[in-house]
Amino acid sequence: MTPRPVIYRKAANQLLNLLAVASICIALGGMGWILYTVICNGAPVINWEFITSPSKPHGEPGAGVANALLGTLIMTIGATVMAVPPALAGGIYLAEFGKNSKFADMLRFCANVMMGVPSILIGLFVYALIVIPSGNFSGMAGTIALAIIMFPVIMRITEDVLLMVPDTLRESALALGMSRMRTTLDIVARSARNGLATGILLSLARVSGETAPLLFTALFADTWPGSFFSEPTASAPVLITEYTTNSPFESMHAMGWGAALVMAGFILIINIVTRCLFHENQH
Amino acid sequence: MQHTDTLFRTICQAGAVLALLLIAGIFGQLCIHSADAWQHFGLPFLWGSNWDPAVDDYGALPHLLGTLLTTLISLLLAVPLSFAVALLITETPDWLNRPLSHCVDLLAAIPSVIYGMWGLFVLVPLMQDYVQPFLSETLGLIYLPGGAWLLGEDGFGCGFGFLSAGVILALMVLPYMCAVMRDVFRMTPPMLRESAYGLGCTRLEVTRDVVVRYGIRGIIGGIFIGMGRALGETMAVLFVIGNLMENPAGLYSCGTTIAATLANNFAEATGLQQSALFALGLVLLLLSFGIQLITRYYLSLTASKRGEKH
């Protein structure tokens, strides 16, 4: 085999470097561009009235997005409350009891598959499960849809975080005569609590921006969230969708951008703060 | 004490079994509610290309093809990008690679509806005014053989359509693929890499002949993760795809995907149309299930090396 000239190899290598730098510029530039657009378009419409008044049909003065923000908050927190206990339990089972069992392997696989299920199908599932039998769209249905999306994510994060706890810690606790339950809850889970908190907060931020599963479960309403179990409930992502795709009016688009800015700010702040906190705790 | 431990174990097991029940429930519900459509149309539903609520005739082909086409475009764009980004992140010094990987991770945190808005108000006009004319006129793709087939009859688009959707999807799946590839690149034993450098290899050669060879299965797994994401993404696609229920006629043409069709039509659908939409959902579920199977197979081959503990 005749060796290729060095100049050719060096040139090819430089090309790769160039490509790598260009790629990261595209990726980060894309993100910067999106955030820049959201800030530029959203910032002018944000004022006190916008954040505190409920949404109104086009043309009425004093419209805001407060009902959608409140709806998102209620549904996200509801979903967290609903999803976290079973997800933690499931994660504990996978990490503490299911290391070498076929059954646990299968459950782990199910959780992985669930994480890959498109979120709109979760919406369909909840529609069939809740909306059809109960006969109406409700905030409850939306909350359940979000909880189903959160569940496998938190379960797998719990497992991963618990597995990072060294086995010596478990063995010491058990050798002191603690029961398995006390060991898991007081020793293992406690030493892994930063990781658990990060996981829960990140997936909370994630589902707060989910739109697809809410489209035909919580639907949308121009009113404050009223009856949680029987009325459609507004949410910020669905409001954005409604205002931008179904409305020809500039003012509605502007309000959509405003809601997008509030939401993006909320999600990015949660992300950055949790990542920083967790990062500090690691060292 | 024995009893509380048993109880604790049972409770935990119940939590984990919930995952199985939910998956089974999703399959079950979609099957039950799509039964009407399958009974009415049978398997030809899959390659029927009509969607007409007036005469109750439905077919899945345009949606299916649209889904596959947008996924394909996004992968073609995102695979090289995320490969290069992951490579750069693993090769840069620590002080730089940490913020860089956090930034890339933040891409995944932006809600898809914001991607969609950006696509609708920024990307679509941009595609229409600059990118599409550039591709067809300046680069002359339209005059090449097959160009008309690739770009559509006249080579001019309205900005909406498969290409725009693919571009947005590429940006959205990049962080997921990048995260897996990053782990895969990190798992290459430093010894192997250093020896290759020691022999005088350039970075390109080390990457091609050592890193990629060593982690090819993980890379494939990462690509399939991105594919699963792109397949089921709803909102971003819905905003820019154009929502036209016809078979794709080139990259610039408007169309629809399964997820976009569901989001657009489901709330108003009744009777057979609703059942047909459930059937579309079932098709999407089976697709993403198949992709998950492949993903898990490839990722499990490299799981222990990447530091994932099972």
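## Chain B: fold and dimensions

Chain B contains 11 helices and 2 strands, where helices (H or I, at least four residues) and strands (E, at least two) are DSSP runs numbered from the N terminus. Along the sequence, the pattern reads α-β-β-α-α-α-α-α-α-α-α-α-α. This is a predicted model, in which local features need pLDDT of at least 70, side-chain atom pairs count only at pLDDT 80 or more, and totals for chains, interfaces and linings use all residues. Residues are numbered from 1 along each chain as its sequence is written, while chains are lettered from A and ligands numbered from 1 in the order in which they are written.

Taken along the principal axes, the C-alpha atoms of chain B fill a box of roughly 75 × 70 × 30 Å. Of the 310 residues in chain B, 50% are buried (20 or more other C-beta atoms within 10 Å of the residue's own, with C-beta atoms placed from the backbone).

## Where chain B meets chain A

Here, 69 residues of chain B are in contact with 70 residues of chain A (C-beta atoms, placed from the backbone, within 7 Å). Helix α1 (residues 2–41) of chain B supplies the largest share of chain B's side, 21 residues. By class, that side has 49 nonpolar, 15 polar and 5 charged residues; Ala, Val, Leu, Ile, Met, Phe, Trp, Tyr, Cys and Pro count as nonpolar, Asp, Glu, Lys and Arg as charged, and the others, Gly among them, as polar.

## Domains of chain A

Chain A is assigned domain 1 (6–45) and domain 2 (48–282), with bounds from an automatic or database domain assignment. The centres of these two domains, taken over C-alpha atoms, are separated by 31 Å.

Technical notes: Contact = placed C-beta atoms within 7 Å. Buried ≥ 20, exposed ≤ 12 C-beta atoms within 10 Å, placed from the backbone.
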